[in-house]
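This briefing is for a reader who is new to the structure. Please look over the sequence and the model before going on to the points below.

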Amino acid sequence: MQKQLIWFRQDLRIHDHAALWHARQSGMVIALVVLSPQQWQKHDDAPIKIDFYLRQIEVLQHALTKLNIPLIIQTIPLWENIATEVTQLCQKLNIENIHANIECGVNELNRDFDVQKRLNKNGHDLILYHDRTLFPVGSIRNKSNQPYQVFGAFKKYCYEQLSISVPQCYPAPEIQSLDMSIYKDDLNPLPTIKTLGFECVEKNAKTQWQVGEAHAWHLLDEFLDNHIENYQVHRDFPNLEATSQLSAYLNIGIISIRQCLNALFRSQHGQFTIENIGQQTWMDELLWREFYQHILFDFPRVSKHLPFKQTTQKLAWRDAPEDLIAWQMGQTGIPIVDAGMRQLLQTGWMHNRVRMIVAMFLSKNLLIDWRLGEQWFMQHLIDGDLAANNGGWQWCASTGTDSVPYFRIFNPVSQSQKFDAEGEYIRKWVPELADLDAKTIHEPYAKNSEIQLNYPQPIVDLKQSRIRAIEAFKQI
């Protein structure tokens, strides 16, 4: 009897899973995960993200076993070889079709096209489903039948559609009557991160980022129960634990966007009714994520290291390797910037307000190519997502869609004074400044150049560098 193959990618869960649900409607299923370490390195995926991914695969494997769904783990270093090897697997296991959820990057789409073409030659198919977004990519168009390039208009369209119907979650899959022992020779053990060629991750990082669908649901419930009402006010303060912390879980699909949305409106019985500004603000954050996924699909140049605003390709970025290293290591002499960069190095995550501050500092004050910052983030973020990371960096660098105007440049000291007034966030991540008072800590050398600290002087003058950045943008 022919069976269906469910190919898990960035969607490592069993609940509310479009491809898994559809595959089960077509018959018995076998599951597949492909590990591609060389491809991940090409894409600058962080070791902490890979470790998180591997740990979730182990949880997924146990969950699938309870459903009598065997999980085959294949290591295929580069995507260019996936079509051949997966087709051979389908022939060996007598697979009718492969079911998977769409991924929007250019490399991902090309990979899937190659697999689909190879399967079609043998009378089989790769059937793809929209699962990562609320609305199918390529489906949201303005009155001129063009993709939206401005978030406000995109958001308005989404609100109109959601007021008609909120996307519902797929039912949980039922246990299938399949003899698992038949496939015991095909079930390879899960490789270690070291075996795959990545650095091992420290134990405290694993503890901080627990895996499992149940844990993701707990984080979601805790956020909605205790933080959502004040989210609009508290979300910008990096010393507060006021954000959902769900980005890493959404990124590899431990939880779905539909689950988040349904939970957000559960007190309204699933109706799209905004009851408070915190609820609306988080809704808008989810839609920013949605917006960048659609941009990635509709404008593939953004996944080819090209700016969305093509004129900004002519920008004269500085070649300043020492400044870049100081930024990467949190040694710029700008405390809020250094705090954020050290948080990233130590935890694989950074508060969103601080992400904007450090990104704008690199691309504007240091006038260093935003792509170097984008790459560094991807190499260290546990929630590194091509669409969101690229969109955020291009927004800050004024090269992206609906980005901040080039002349609007955050002053990191002012941002620090506003959003970390007492310096608590800085003290945590820049301990050499811990003994300074709340006024001094934001710019230690500003009023006392003779102060003795084990901390660098600022590597750039903020006022002069702002003028330099504006002039550079004016030249194009």
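What follows covers salt bridges, backbone angles, a helix pair and a surface patch.

The model is predicted. It holds 22 salt bridges, and a few of them are described here. One network of salt bridges links Arg9, Glu103, Arg111 and Asp112.

**The salt-bridge network**

- Aspartate 112 and arginine 9 form a salt bridge through their side chains, with an N to O distance of 2.7 Å.
- Aspartate 112 belongs to helix α5 (residues 106-121), while arginine 9 sits in the loop between β1 and α1, so this bridge ties together parts that are 103 residues apart in sequence.
- Aspartate 112 has a relative accessible area of 3% and is therefore buried, the cut-off being under 20%.
- Arginine 9 has a relative accessible area of 4%, so arginine 9 is buried as well.
- A salt bridge also joins glutamate 103 to arginine 111, where the closest N and O atoms are 2.6 Å apart.
- Both glutamate 103 and arginine 111 are buried.

**Aspartate 16 and its partner**

- Aspartate 16 is located in the loop between β1 (3-8) and α1 (18-25).
- The phi angle of aspartate 16 is positive, near 50°, in a residue other than glycine.
- The relative accessibility of aspartate 16 is 1%, which means that aspartate 16 counts as buried.
- Aspartate 16 makes a salt bridge with arginine 258, and their closest N and O atoms are 2.9 Å apart.
- This bridge connects distant parts of the chain, since aspartate 16 is in the loop between β1 and α1 and arginine 258 is in helix α11, 242 residues apart.
- Arginine 258 is buried, as is aspartate 16.

**Another positive phi angle**

- Asparagine 94 is not a glycine, yet its phi is positive at about 60°.
- The loop that holds asparagine 94 lies between α4 (82-93) and β4 (95-101).
- With a relative accessible area of 35%, asparagine 94 is partly exposed.

**Helices α11 and α12**

- Two packed helices are described by the angle between their axes and the distance between the axes.
- For helix α11 (residues 257-264) and helix α12 (residues 277-298), the axes come within 11 Å and cross at roughly 165°.
- The α11 and α12 crossing is left-handed.
- Isoleucine 277 is a residue of helix α12.
- The relative accessible area of isoleucine 277 is 43%, so isoleucine 277 is partly exposed.
- Isoleucine 277 and asparagine 230 are 47 residues apart along the chain, and their C-alpha atoms are separated by 8.2 Å.

- Methionine 329 is placed in helix α13 (residues 321-329).
- Methionine 329 counts as partly exposed because its relative accessibility is 38%.

Terms used: Residues numbered from 1 in each chain as written. Predicted model: local features only at pLDDT ≥ 70, side-chain atom pairs only at ≥ 80, totals over all residues. Heavy atoms only, no water. Helix = DSSP H or I, 4+ residues; strand = E, 2+ residues; numbered from the N terminus. Buried < 20%, exposed > 50% of the residue type's maximum accessible area, 1.4 Å probe, protein only. Axes fitted to C-alpha atoms, helices over the stretch in contact; angles between N-to-C directions. Left-handed = near helix turned anticlockwise from the far one by under 90°. Salt bridge = Lys/Arg side-chain N within 4 Å of Asp/Glu carboxyl O.
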